Amino acid sequence: MTPQWIALIGASVFAYALKYLGSAIPQSWLAHPRIQKINSLIPISLLSALVIVQGVTEKTKYVIDQRAAGVAFAIMALIAKAPFPVVVVGAAITSAVVYRFK
Amino acid sequence: MKRDSFTVSITVGAYGIAFGAAAIADHFTILQACLLSLLLFSGASQFAVVGVLGAGGSAASAIATSTLLGSRNALYGLRLAPILNHKGWRRAVGAQVTIDESTGVALSQDTNKSMKQGFWYTGIGVFIFWNFFTLLGALGAKAIGNPSAWGLDAAVPAAFLGMLWPRLKGRDTWAVAAASVVLSLTLVPFVPAGVPIISCAVIAILLGWKS
């Protein structure tokens, strides 16, 4: 089995287990403010790491290329309060243009 | 409310195009891209699976990152349980569509009945459109070839940024984001791909515990 299949099956099983768990366990278990706080911060830490790692690294090296230009566009678009599709499509176009002319 | 559900479903669902394309760019097959949308069905987790593996990470770090990102769905389920009051197969099906959008629309309604409707219309609606557009994106990406030439390699981090941005409210959140950027970048040369990302969960746990 390839890593893709292992990841697909493993991630899907755990994701469903978490979704089901929430509706099945007693209310008090996850209601603690600390758990709530950690839970709201986890996506922030992982998404921040994903943005930077996917933007400027390749495996174990730092690589500044067209992707960084795309991410830079995305940051400016978000500051300018652009809607989600504009952010993503604009980043892709920026990256594609830099790739074409580099 | 039905209109809210529909608007959310189609706009979020259309974004499945980006996921389908990203999955192909990261060397997943069309079948695998579609199965991820059907079975995993949680945007950030899906992007994390293809992103971590695409960057050379192991299946274990892809699963760990995806699962931590999906942990918020458990809290959504918990929040919704007394409202939906599901049993049996409804609980089993409802669990699969317990995501950001269905929870968001449900909790923004005034009556119990419209909360239930909002949850189901949005959950099922996003599911249908998200899966349809995933297939479209995957087929499209297969057809166009070199993902870098089309900017797909930048679309994925841009998508993560778009998911992150609305969550950045207040000092705590910016501190966690900044610390995670620094920690992950510092770890990159020293540990296998994928590990720098999952390691950042520690920052969320430490800061969440202290506050």
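Mentor: Let us begin with a term: a residue is buried if 20 or more other C-beta atoms lie within 10 Å of its own, exposed if 12 or fewer, and partly exposed in between, with C-beta atoms placed from the backbone. This is a predicted model, in which local features need pLDDT of at least 70 and side-chain atom pairs count only at pLDDT 80 or more, while totals for chains, interfaces and linings use all residues. Residues are numbered from 1 along each chain as its sequence is written, and chains are lettered from A and ligands numbered from 1 in the order in which they are written.

Trainee: Is Ser184(B) buried or exposed?

Mentor: Ser184(B) is found in helix H10 of chain B, where helices (H or I, at least four residues) and strands (E, at least two) are DSSP runs numbered from the N terminus. Because 26 other C-beta atoms lie within 10 Å, Ser184(B) is buried.

Trainee: Which residues does Ser184(B) touch, not counting those up to four places away in sequence?

Mentor: Two residues are in contact if their C-beta atoms, placed from the backbone, lie within 7 Å. The C-alpha atoms of Ser184(B) and Pro196(B) are separated by 4.5 Å, although the two residues are 12 residues apart along the chain. With that limit on sequence distance, the residues touched by Ser184(B) are Ala49(A), Ile52(A), Val53(A), Pro196(B), Ile197(B) and Cys200(B).

Trainee: Which helix of chain B gives the largest share of the side that touches chain A?

Mentor: The contact takes 82 residues from chain B and 59 residues from chain A. The side of chain B that touches chain A divides into 53 nonpolar, 25 polar and 4 charged residues, where Ala, Val, Leu, Ile, Met, Phe, Trp, Tyr, Cys and Pro count as nonpolar, Asp, Glu, Lys and Arg as charged, and the others, Gly among them, as polar. The largest share of this side, 19 residues, comes from H5(B).

Trainee: Which residues are in contact with Gly51(B), leaving aside its neighbours within four places in sequence?

Mentor: Gly51(B) has its place in helix H4 of chain B, and it counts as buried because it has 27 C-beta neighbours inside 10 Å. Its C-alpha atom is separated by 8.8 Å from that of Gly194(B), a residue 143 residues apart from it along the chain. Leaving aside those neighbours in sequence, the residues in contact with Gly51(B) are Leu50(A), Gln54(A), Asp26(B) and Val156(B).

Trainee: How are H4(B) and H9(B) arranged, roughly parallel or roughly antiparallel?

Mentor: Axes are lines fitted to C-alpha atoms, for helices over the stretch in contact, and angles run from 0 to 180 degrees between N-to-C directions. H4(B) and H9(B) pack at an angle of about 150 degrees, with their axes 11 Å apart. Angles under 35 degrees count as roughly parallel, over 145 as roughly antiparallel, 65 to 115 as roughly perpendicular and the rest as oblique. H4(B) is therefore roughly antiparallel to H9(B).

Trainee: Which residues make the contact of H4(B) with H9(B)?

Mentor: The residues of this contact divide into 6 nonpolar, 1 polar and no charged. They are Ala44(B), Phe47(B) and Gly51(B) of H4(B), together with Val156(B), Ala159(B), Phe160(B) and Met163(B) of H9(B).

Trainee: What is the value of phi for Phe41(B)?

Mentor: Most residues other than glycine have a negative phi. Phe41(B) is found in the loop between H3 and H4 of chain B, and it counts as buried because it has 25 C-beta neighbours inside 10 Å. Its phi is a positive value in a residue other than glycine, near 40 degrees.

Trainee: Is Lys81(A) buried or exposed?

Mentor: Lys81(A) lies in the loop between helix H3 (66-79) and helix H4 (84-101) of chain A. Its phi is also given as positive in a residue other than glycine, near 60 degrees. Because Lys81(A) has 9 C-beta neighbours inside 10 Å, it counts as exposed.

Trainee: How far apart do the C-alpha centres of domain 1 and domain 2 of chain B lie?

Mentor: The domain assignment of chain B gives domain 1 (2-166) and domain 2 (168-211), with bounds that come from an automatic or database domain assignment. In the contact between them, 12 residues of domain 1 of chain B meet 8 residues of domain 2 of chain B. The C-alpha centres of these two domains lie apart by 23 Å.
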